[in-house]
Amino acid sequence: MKIAVECKSPLLQKSLEIFLSSHLSSLKQCDIVVRDFKALNDERTFYISKDIDSDLVKPFSKSALILALEKRHKRVSPKAEEIVESFDNETADFSILEKRIDILTQEYKENILKAVRAFYEK
């Protein structure tokens, strides 16, 4: 899934770019355009605001954004499985990273305890 971000709010613009970094595309080549203003002439627009009639109501979390974009993409594109696979891959990669951090933290803890024991045993 290809997503373009076009917001009037610089903070929202940057946040969305970070959240959707692996799916960013140019405005001409995208499937969905995430905006914080209404663009009625563009049916690709995914509208984010505090209004109830928006596609996603602020404030929102990254997971809420992803779920809302998945729903929109399923309605718009016949290739809807691609977004689920790509976000699942990100989750799998994060799980691997999380396990690696746990292992390194445990090793670090063991090394500190060894150093403390060695110091007090002398």
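Thr-45, Tyr-47 and Ser-49 point one way from strand β3, Phe-46 and Ile-48 point the other way, and all are buried (buried means under 20% relative accessible area, exposed over 50%, and partly exposed in between, with a 1.4 Å probe and protein chains only). In a regular strand the side chains alternate between the two faces of the sheet. Strand β3 covers residues 45-49 and is mostly covered, with five of its five residues buried. Helices (H or I, at least four residues) and strands (E, at least two) are DSSP runs, numbered from the N terminus.

The structure is a predicted model, in which local features need pLDDT of at least 70 and side-chain atom pairs count only at pLDDT 80 or more, whereas totals for chains, interfaces and linings use all residues. Residues are numbered from 1 along each chain as its sequence is written, and side-chain values use heavy atoms, with hydrogens and water left out.

Strand β3 is paired with strand β2 and with strand β4; two strands pair if DSSP finds at least two bridges between them. Strand β2 (residues 32-35) runs parallel to β3 and is joined to it by three bridges. In this pairing, Val-34 stands opposite Phe-46 of β3. The pairing of β3 with β4 (residues 56-57) is also in the parallel sense and has two bridges. Here Ser-49 has Val-57 in β4 as its bridge partner.

The largest nonpolar core contains 15 residues. Such a core is a set of buried Ala, Val, Leu, Ile, Met, Phe, Trp, Tyr and Cys residues joined through side-chain atoms within 4.5 Å. The residues with the most contacts inside the core are Leu-16, Leu-20, Val-34, Phe-46, Ile-48, Leu-65 and Leu-69. Two or more residues each are given to this core by β1 (3-6), α1 (10-19), β2, β3 and α2 (62-76). Helix α2 supplies the largest share, three residues. In soluble globular proteins, nonpolar side chains tend to be buried together.

Five salt bridges were found in a search of the whole structure, a salt bridge being a side-chain nitrogen of Lys or Arg within 4 Å of a carboxyl oxygen of Asp or Glu. Side chains of opposite charge can pair when their charged atoms come close. Arg-35 counts as buried at 6% relative accessibility, and Asp-42 is buried with a relative accessible area of 16%. Asp-42 is found in the loop between β2 and β3. Apart from neighbours within four places in sequence, Asp-42 is in contact (heavy atoms within 4.5 Å) with Val-33 and Arg-35. A network of salt bridges links Glu-6, Arg-35, Asp-42 and Arg-44.

A salt bridge is also formed by the side chains of Lys-38 and Asp-53, at 2.8 Å from N to O. This pair links distant parts of the chain, 15 residues apart, with Lys-38 in the loop between β2 and β3 and Asp-53 in the loop between β3 and β4. Lys-38 is partly exposed at 48% relative accessibility, whereas Asp-53 is exposed at 52%.

In the salt bridge between Asp-55 and Arg-72, the closest N and O atoms are 3.0 Å apart. Asp-55 lies in the loop between β3 and β4 and Arg-72 in helix α2, so the pair ties together parts that are 17 residues apart in sequence. Asp-55 counts as partly exposed at 33% relative accessibility, while Arg-72 is buried at 9%.
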